[in-house]
Amino acid sequence: MELCRQYRIPHSYYRGHGDGTWSDLDRRKARAYEQYLKTVCPQCGTRPEEWDESLGGDEDAYRATTHRCIGCQLIADRQKEIPDGDEGHGVKVALIPTSLAAALELQHQHR
């Protein structure tokens, strides 16, 4: 249903049935999925029922782990270089492939 929501297509069409029009079942599935998403914590992605033993959940349903993303690390390091105040307002840090960065640098040198 996540892909159907993203591409705004009926579930039946995703499964290879129908002509892309929304059936009553497709609409019910989409509404049910939207209701489900409202129960999911936007930060951690879990639902209260998954933790509540009285609802069939388990207080040990998930474990917290750590993960280092080198891309996020590079962005954080570069963000430290952005000046405070007006000079830094609106400045964003983005990752681009090294080959593109080299081409842009070469283009900049020939100006």
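Predicted model: local features only at pLDDT ≥ 70, side-chain atom pairs only at ≥ 80, totals over all residues.
Student: Is T46 buried or exposed, and how do I read that?

Tutor: The idea is to compare the relative accessible area with a cut-off: under 20% is buried, and over 50% is exposed. T46 has a relative accessibility of 8%, so it counts as buried.

Student: Which residues is T46 in contact with, once its neighbours within four places in sequence are left aside?

Tutor: There are contacts from T46 to T39, V40, C41, W51 and Y62.

Student: Let me zoom out. How many helices and strands does the protein chain have?

Tutor: The count is 6 helices and 0 strands. Read from the N terminus, the order of elements is α-α-α-α-α-α.

Student: How does the radius of gyration of the protein chain stand against that of a compact globule?

Tutor: For this one you set the chain's value beside a reference for its length. A compact globule of 111 residues would come out near 13 Å, whereas this protein chain has 23 Å. For the extents, the C-alpha trace spans about 60 × 45 × 30 Å along its principal axes.

Student: What percentage of the residues count as buried?

Tutor: Of the 111 residues in the protein chain, 10% fall in the buried class. The surface tells its own part of the story: the chain exposes about 9,800 Å², with 52% of that supplied by carbon and sulfur atoms.

Student: And what share of the contacts joins residues 24 or more positions apart?

Tutor: Take the contacts in the protein chain with a separation of 6 or more; residues 24 or more positions apart account for 15% of them.

Student: Could we walk through the N-terminal part? Where is M1, and what does M1 touch?

Tutor: M1 belongs to the segment before helix 1, which covers residues 2-7. Beyond residues up to four places away in sequence, M1 touches H11, K29, A30 and Y33. The C-alpha atoms of M1 and A32 are 9.9 Å apart, although 31 residues separate the two in sequence. M1 counts as partly exposed because its relative accessible area is 30%, which lies between the 20% and 50% cut-offs.

Student: Where is R15, and is R15 buried or exposed?

Tutor: R15 is placed in the loop between helix 2, residues 11-14, and helix 3. Its relative accessible area is 54%, so R15 is exposed. From R15 to C4, 11 residues apart along the chain, the C-alpha separation is 9.9 Å.

Student: Which residues line the largest pocket, and how do they divide by class?

Tutor: The lining consists of L74, I75, D77, R78, E81, V93, A94, L95 and I96. By class, that gives 6 nonpolar, no polar and 3 charged residues.

Student: Let me pick V93 from that lining. What does V93 touch?

Tutor: Not counting residues up to four places away in sequence, V93 touches I75, R78, Q79 and I82. V93 is in the loop between helix 5, residues 70-79, and helix 6. Its C-alpha atom is 9.8 Å from that of D77, 16 residues away in sequence.

Student: Finally, where is H110 found?

Tutor: H110 is in the segment after helix 6, residues 98-109. With a relative accessible area of 63%, H110 is exposed.

Methods
Residues numbered from 1 in each chain as written. Heavy atoms only, no water. 1 Å grid on protein atoms, 1.4 Å probe; cavity = no way out; pocket = protein on both sides within 12 Å on 5 of 7 lines; lining within 4 Å. Nonpolar A, V, L, I, M, F, W, Y, C, P; charged D, E, K, R; others polar. Helix = DSSP H or I, 4+ residues; strand = E, 2+ residues; numbered from the N terminus. Rg over C-alpha atoms; globule rule 2.2 N^0.38 Å. Buried < 20%, exposed > 50% of the residue type's maximum accessible area, 1.4 Å probe, protein only. Contact = heavy atoms within 4.5 Å. Areas by Shrake-Rupley, 256 points an atom, 1.4 Å probe, with all protein chains shown as cover.
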